[in-house]
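Student: I would like to go through this model with some questions about its strands, helices and chain contact. Please show it first.

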Amino acid sequence: MTGSTVPGVVPASRLRLRLEAREQPGLPTHLAVSLLLLLAALLLAGTVMTVAGGNPLDVYRSMFGAAFGSRWGLNDTLIKMVPLALASLGVALAFRMKMWNIGAEGQLLMGALAASGIALFAVPPDMPRLPALALMAAAGAAGGAAWAVVPGWLRAQFGVNEIISTLMLNYVALSIVQFFVYGPWGERGFGLTPMFERHTWLPRLTDFADQWSALRGLTLHLGILAVPVAIACLAILLERTKFGFEIAMVGDNPDAARYAGVRLRRTMIIVMALSGALAGLAGMSEVSGVVHRLLEHISPGYGYTAIIVAWLGRFNPLAVAVVAFLFGGLIVGADEIQSAGISSLLQGVILFVMVSGNLLIRYRIRLRPPEAMR
Amino acid sequence: MPVEGTFRRHCSMPRTSESQSRTQTGPRAAAHSRNMVEMRGISKRFPGVLANDRVNLDVAAGSIHALLGENGAGKSTLMHILSGLYRPDSGTMKVEDRTVSFASPLDAIQAGVGMVHQHFMLVETQTVAENVVLGDHRLGFHMDPSAIRDTVAEQGRASGLEIDPDALIWQLSVGERQRVEIVKMLHRGARLLILDEPTAVLTPQEADTLFDRMRGMAEAGRTLLFISHKLNEVMALAETVTVMRQGRVVDTVPQSQVSRRELVSMMVGSPVLFDVAIPPVQQGRKLLSLRNLTVENDRGQTAVDNLSLDLHQREILGVAGVAGNGQRELAEAITGLRKLQGGAVVLDGFDVAGANQRRMIDLGISWVPQDRQHTGTAPNLSIQENFDLKRYRTARGGLFLDRSGQASRAAALLAKYGVAAASRHQPVRLLSGGNLQKVILARELSTELRVLVAESPTRGLDVGAIQTVHELLMEQRSRGVAILLLSEDLQEVLSLSDRVAVIHSGRIMGILPRVRADADTIGMLMAGVVPAGMPT
């Protein structure tokens, strides 16, 4: 350093930003930083809205009101949350092991396709509701799992990059769904199948309006029960089982896992299967709980949003579900203000800010004069 | 490691006129009337290690000069300084009698110094010609592809390195890619060519071809300086050899006046034994028997060649050898991590060859791997979890993880092995090398082990930690464990072993009982020479 200034006085131009590692960031740090980053993201998106001539405060207020302000809003938010949460939990599971499964969209579609096939052709008209739904759920999970096992196996056996293969299979899945809804299963070329029989529908809250009149009109279906079950199963799997410990090992250091006797290929394939099964269940719950038929646009990109949600939830099952709930609200709120761009703008900005702000969790920023930097 | 005894004469450093005059007595002494390079008092410190310590190096113009030393001796650092990748902390350099100071490899190449790295720096999807001229600042904005092709082809022909200028890099073999790298440097005007372990990636046939080309380039007046830790190629190719050890130059000698054995002694030094109490025990029965083991390395070359060894209960069998002679592959083969090409691994009478790592663990084969961070531990998992890396599977709980057992085991191990850590929940990446090694040893020694494979178990540790590790090994020996100690540290092998096996090119050159294992004999065997009168 060529110091040529008065001793003790550091010119502002020589102050340097310095990153200092935090040893082990705790939960309060995580929460505080996340909240800060969320505010920053809203601010950033608000700036864009202001430039575009809108009033961000009004926008945020009406979005919030629409999503969380009434039981109708909450109903819609929860409906959006179900597929998001299930798919995100699947993605988070794979990401835990550093298997970058970004094919939740395709897995969801294949799950929806399989469940629809069962509903349309395999369930006899006199079958009671419970076994019919169980059959559809099993088919949905199997469809999603099958679609994920293919890239999982390719990765395990031949080292094929799963990012590329899972992404590409999304488009294949979409084409297959299109083939069925316009072709053999379609109804007059509209890109949708006939309506399912009622006993293959997931019960909705409004179906119980006879007993509890307050539920009348609420369309939330019982697929939502799958969310807490999935959270609990995943949390137990990851934290309490030997298989979960193997996932943690492989995720942290595959070489050490191999050295410790973990069967890497097997672990990879099973994790991908479970990951895909969760996305497949999301697809099943959409066809059986919401639209009651298969159609081309069964998913408005839940599988892709799931990647963002999983990431923001830091692959922690409970946190992922919370983020999924908030993102469900974001989708509903954006629908309310009738500007399709807002939702993806906000999603994008939030992810961008959160991911780039990630380092604030591991480091704190210090302002230091150059002399002190040594 | 203090250097004493027989080889003191090699350690006169900094060297003066005496050895300098010797470097000029090679077969083509007349041609070597001046030095291509003179490095004086070069030092380079990295955090925690003095990589080069007042190094002097003279390289005669037009000669083939080898820089020999074990891993970590400072060879690569020195060459990175000479090729402009690093700046020295102190010292001066002259190239062709001009004092130079390189800020970048570009400066170096302009002064005529070019380096071919171990990992090639080529663009796979471009042609040979494009790669050769890539980054050549002498080219203007306009490029004439056909002229470039011709220049590159001509350059290759002139130096005996024929390459097709239109071939795409990804289509080429490793040997051909290396040729492209060399032509690239020659095209830039390198008069001194530095090659970093040039044969490491080559087949023996490719290596022979490379040697011919290198001799040809030297005949044509270029100077070649290559890094190696293989004695064979140094003896076959170099006119002058500079040996480095622990950041210093041990000596520079003409190849014609030095034996392999002397070179090994210079590389490994003359060890002072550790003071380890060796409890007298009765050697037990044969526990592990390797029969005609053949194993390939990652590049598909034979690394362990038809090797046979017997290991007994209550015995430490030390394997001494220069790094890269098949030790790693041998350890991985025994522990089930590496596939065998042939042979048998007989454990207590049963052939377990081909069993995977999981099965080997269950059979009671513990392994302290050389690479503590990348193989031995999961850095972000806690100490507690790393203790349980292998044990969790057989612990109670069925499908569920035995968390409470894990916690109590961890607390016990932490205390018993004296791991200095804030808590058992601390991630192991925060531990020092010595404490990390204690975690690994605690894990590997706390099972029902029958065989222990220990790879360089004290590398990089301080004296106190080394003492602890040695005591732990002795304790296991007394308990009846059969220990295979693979170490580059001759001092350690000679201090601990009941018998010493010497490995060279994947073969066992000889096995000596402790009383007959002196550094001289071992050194000869490490160089691949069987001393006269030694029973085999």
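Student: Which residues of E3(B) point one way and which the other way?

Tutor: This is a predicted model, and E3(B) is strand E3, residues 64-68 of chain B. All 5 of its 5 residues are buried, so the strand is largely enclosed by the rest of the structure. One way point B:Ile64, B:Ala66 and B:Leu68, and the other way point B:His65 and B:Leu67.

Student: With which strands does E3(B) pair in the parallel sense, and over how many bridges?

Tutor: In general, strands of a sheet pair through backbone hydrogen bonds, either parallel or antiparallel. E3(B) pairs in the parallel sense with strand E9, residues 240-245 of chain B, and there B:Leu68 has B:Val243 as its bridge partner. With E8(B), B:Leu67 stands opposite B:Ile227. The pairing with E9(B) has 4 bridges, and the pairing with E8(B) has 5 bridges.

Student: Why is E8(B) largely enclosed by the rest of the structure?

Tutor: E8(B) covers residues 223-228 of chain B. B:Thr223, B:Leu225 and B:Ile227 point one way and B:Leu224, B:Phe226 and B:Ser228 the other way, and all are buried. The strand is largely enclosed because the buried residues number 6 of the 6.

Student: Which residue of E8(B) is the bridge partner of B:Leu195?

Tutor: Strand E7, residues 192-196 of chain B, runs parallel to E8(B), and 5 bridges join them. B:Ala66 has B:Phe226 as its bridge partner in E8(B). For B:Leu195, the bridge partner in E8(B) is B:Phe226.

Student: What is the strand order of the open sheet of 4 strands in chain B, and which are its edge strands?

Tutor: The order is E2-E1-E4-E5, with antiparallel pairing. An edge strand here pairs on one side only, and the edge strands are E2(B), residues 49-60, and E5(B), residues 98-100. Direction ignored, neighbouring strands of this sheet are turned against each other, on average, by 25°.

Student: In E2(B), what is the bridge partner of B:Ile42?

Tutor: Strand E1, residues 35-46 of chain B, runs antiparallel to E2(B), and the two are joined by 8 bridges. The partner of B:Ile42 in E2(B) is B:Val55.

Student: Which helix lies across E1, E2 and E4 of chain B, and at what angle does it run to E1(B)?

Tutor: Among the strands it lies across is E4, residues 90-95 of chain B. The helix is H2, residues 75-82 of chain B, and its angle to E1(B) is about 120°.

Student: How many residues of H10(B) are buried?

Tutor: H10(B) spans residues 327-334 and is mostly covered. Its buried residues include B:Arg328, B:Glu329 and B:Glu332, as well as B:Leu330 and B:Ile334. After the helix comes B:Gly336, whose phi is positive, near 90°. The buried count for H10(B) is 8 of its 8 residues.

Student: Are H4(A) and H6(A) roughly parallel or roughly antiparallel to each other?

Tutor: H4(A), residues 104-122, and H6(A), residues 162-182, pack with their axes 7 Å apart and an angle of about 25°. Residues that meet include A:Leu109 and A:Leu113 in H4(A), and A:Leu169 and A:Val177 in H6(A). H4(A) passes H6(A) in a left-handed crossing. Angles under 35 degrees count as roughly parallel, so H4(A) and H6(A) are roughly parallel.

Student: Which element gives the most to the side of chain A that touches chain B?

Tutor: Chain A has 14 helices and 2 strands, and 44% of its 374 residues count as buried. The contact takes 16 residues from chain A and 20 residues from chain B. On the side of chain A, the elements giving two or more residues are H8(A), residues 242-252, and H9(A), residues 254-259. The most, 6 residues, comes from H8(A).

Technical notes:
Residues numbered from 1 in each chain as written. Chains lettered and ligands numbered in written order. Predicted model: local features only at pLDDT ≥ 70, side-chain atom pairs only at ≥ 80, totals over all residues. Buried ≥ 20, exposed ≤ 12 C-beta atoms within 10 Å, placed from the backbone. Pairing = 2+ DSSP bridges. Axes fitted to C-alpha atoms, helices over the stretch in contact; angles between N-to-C directions. Contact = placed C-beta atoms within 7 Å. Parallel < 35°, antiparallel > 145°, perpendicular 65-115°, else oblique. Left-handed = near helix turned anticlockwise from the far one by under 90°.
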